[in-house]
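Subject: Structure handover

Hello,

Here is the structure I promised to pass on. Please open it first, then read my notes beside it.

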Amino acid sequence: MTRRVVITGMGAVTPIGIGKDEFWKNLIAGKSGIRKITRFDASEYNSQIAGEVDGFDPADYMDAKESKRMDRYSQFAVAAAKMAIEDAGLDLEKEDCDRIGTYVGAGIGGMETLHTQYEKLFAKGPKRLSPFFIPMMIANMAAGRVAINFGLHGPSECVVTACATGTNCIGDAFRLIQNGKADVMVAGGTEASISPAAVGGFCQMKALCSDHNDDPEHASRPFDKNRSGFVMGEGSGIVVIESLEHAKARGAHIYAEIAGYGSNSDAYHITSPAPHGVYQAKCMQLALDDAGMKASEVDYVNAHGTSTHMNDAGESEAIKKVWADAAKDVSVSSIKSMTGHLLGAAGGVECIATALSIENDVLPPTINYETPDEGMDLDYVPNKAKEKTVRAAISNSFGFGGHNACILLKKYAE
């Protein structure tokens with residue numbers, strides 16, 4: 001018999017706030033975190049805006065000396081994990097840490113380190129490279145750093161599935177606990193790729209919004225007819241999940257229960273989703289089937305909602321396939337309208353938003369929604385948060401390469 005799994009802790013490092021409470025407050029207020037890029041001179045770039053994390057000091061969360069041996073993406077992960085563990089009330093000195101694992105992924109990894117070290121290589125030669133270059137840059141090191149910092153000896157892995165990374169990490173961690181391979185998992189995603197090469201590469205793909213450089217707060221506009229590309233963001237979203245019996249035994253607060261998980265592949269194109277959202281719909285259905293639930297029992301979809309036409313149109317079609325005639329009864333919103341697209345961190349942050357929506361019966365809005373688009377006629381929770389009883393919700397994440405991941409959360413009940 002599989003075990004029930006619940007969310008008991010949350011840690012968020014985002015462009016609209018650090019910490020679960022500040023993140024949620026600004027999310028419900030519809031606050032945009034999109035600004036002019038400050039991490040480098042972006043004046044020659046087509047897109048000059050991003051969702052940067054403000055006010056982050058790694059020394060607040062970890063040893064200052066050790067933090068200098070980490071890329072920013074790992075710093076975010078350690079900080080978010082610390083917040084999540086504290087929020088969960090986990091006393092690691094009293095826990096069997098062989099039964100606590102770490103699944104934390106990044107879509108790209110240490111891009112800032114890669115960039116700065118290449119600059120040194122080209123300017124001064126190989127002997128000036130940092131001995132920490134490789135362990136700072138590689139994508140698995142966020143998971144490694146979290147496990148090391150907190151002494152977690154259970155399974156430790158790094159899923160890398162582009163923008164589906166955070167959701168895959170949480171979903172795979174959910175499976176481990178379900179199957180009795182761990183009691184507690186620290187899981188989610190992290191990313192810090194607002195660097196010259198990454199922004200330039202996305203610009204060359206014509207994927208980023210480039211027509212709101214002087215009005216960044218209105219740049220990310222999922223499902224709106226006048227959207228023109230996504231906006232990069234950075235941050236980390238980490239959750240503590242554990243078996244229900246473990247959570248109850250220590251009197252933990254339960255935000256929501258993880259009921260189902262779906263993962264599949266478009267197997268279609270390196271960047272474009274398969275037409276008409278066919279496999280995105282199948283992925284949502286996999287999560288529903290895994291939970292033993294019907295679409296009619298789900299009140300909210302936290303959309304992938306990137307503010308690109310192919311995603312927004314395909315995801316809307318996918319929702320219509322799953323909910324059929326009841327599609328207009330389910331509410332759909334994209335928090336990327338406020339945070340930008342956090343790439344590998346998106347699924348983790350959006351899982352937190354989804355769980356808090358369930359706990360508080362409040363839906364975050366899709367801001368900047370002004371002009372409906374043809375064929376996109378769902379309830380996108382336009383511009384203002386909405387009170388609504390949320391029995392269950394699905395969080396969607398779809399990544400380059402055709403990676404699809406959906407996690408289904410529901411209100412906890414005995």
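Let's start at one residue. Leave aside the neighbours within four places in sequence, and Met111 is in contact with Asp71, Ser193, Ser195, Ala197 and Ala198. Met111 is found in helix H4, which covers residues 111-124. Its relative accessibility is 15%, so Met111 counts as buried; the cut-off for buried is under 20%. Now look for Tyr73. Met111 and Tyr73 are 38 residues apart in sequence, and their C-alpha atoms are 8.5 Å apart in space.

One caution before you go on. This is a predicted model. Every value below is computed from it.

The whole chain

Now zoom out. The protein chain has 13 helices and 15 strands. The C-alpha trace spans about 65 × 55 × 40 Å along its principal axes.

How much of the chain is buried? Of the 414 residues, 62% count as buried. The accessible surface comes to about 15800 Å², and carbon and sulfur atoms hold 50% of it.

Contacts reach across the sequence too. Take those between residues at least 6 apart in sequence: 80% of them join residues at least 24 apart.

Then the charges. There are 40 positive and 53 negative side chains in the protein chain. The centres of the two sets lie 2 Å apart.

Aromatic pairs

Next, the rings. A pair of aromatic rings is described by the distance of the centres and the angle of the planes. Rings pair here if their centres lie within 6.5 Å. The count by this rule comes to eight aromatic pairs.

Take Phe40 and Tyr45. Their ring centres are 5.2 Å apart and their planes stand at 65°, so this pair is edge-to-face. Phe40 is buried, with a relative accessible area of 12%.

Now take Phe56 and Phe76. Their ring centres are 4.9 Å apart, with the planes at 75°, so this pair is edge-to-face. Phe56 lies in the loop between E4 and H2, while Phe76 lies in helix H3 (residues 72-88), so the pair ties together parts that are 20 residues apart in sequence. Phe56 is buried, and Phe76 is buried as well.

Is Asp54 buried or exposed? Its relative accessible area is 55%, so Asp54 is exposed; the cut-off for exposed is over 50%. Asp54 and Met136 are 82 residues apart along the chain, and 22 Å separates their C-alpha atoms.

Leu288 is found in helix H10, residues 278-291. Its relative accessible area is 0%, and Leu288 is buried. Which residues does Leu288 touch? Not counting residues up to four places away in sequence, they are Met293, Lys294, Ala295, Val298, Val322, Ile394 and Leu408. Pick out Leu408. Leu288 and Leu408 are 120 residues apart in sequence, yet 7.1 Å apart in space from C-alpha to C-alpha.

Ala313 lies in helix H11, residues 309-323. Ala313 is buried, with a relative accessible area of 18%. Along the chain, Ala313 and Gly375 are 62 residues apart. Their C-alpha atoms are separated by 7.5 Å.

Two backbone angles

Last, check phi at two residues. Phe223 has phi near 70°, a positive value in a residue other than glycine. Phe223 sits in the loop between helix H8 (196-204) and strand E8 (235-243). It counts as buried, at 0% relative accessibility.

Asn383 also has phi near 70°, again a positive value in a residue other than glycine. Its place is the loop between strand E12 (362-363) and strand E13 (386-387). At 37% relative accessibility, Asn383 counts as partly exposed.

Best wishes

Conventions. Residues numbered from 1 in each chain as written. Heavy atoms only, no water. Helix = DSSP H or I, 4+ residues; strand = E, 2+ residues; numbered from the N terminus. Buried < 20%, exposed > 50% of the residue type's maximum accessible area, 1.4 Å probe, protein only. Contact = heavy atoms within 4.5 Å. Areas by Shrake-Rupley, 256 points an atom, 1.4 Å probe, with all protein chains shown as cover. Lys, Arg positive; Asp, Glu negative; His and termini not counted. Charge placed at Lys NZ, Arg CZ, Asp CG, Glu CD. Phe/Tyr/Trp six-rings, centres within 6.5 Å; stacked < 30°, edge-to-face > 60°.
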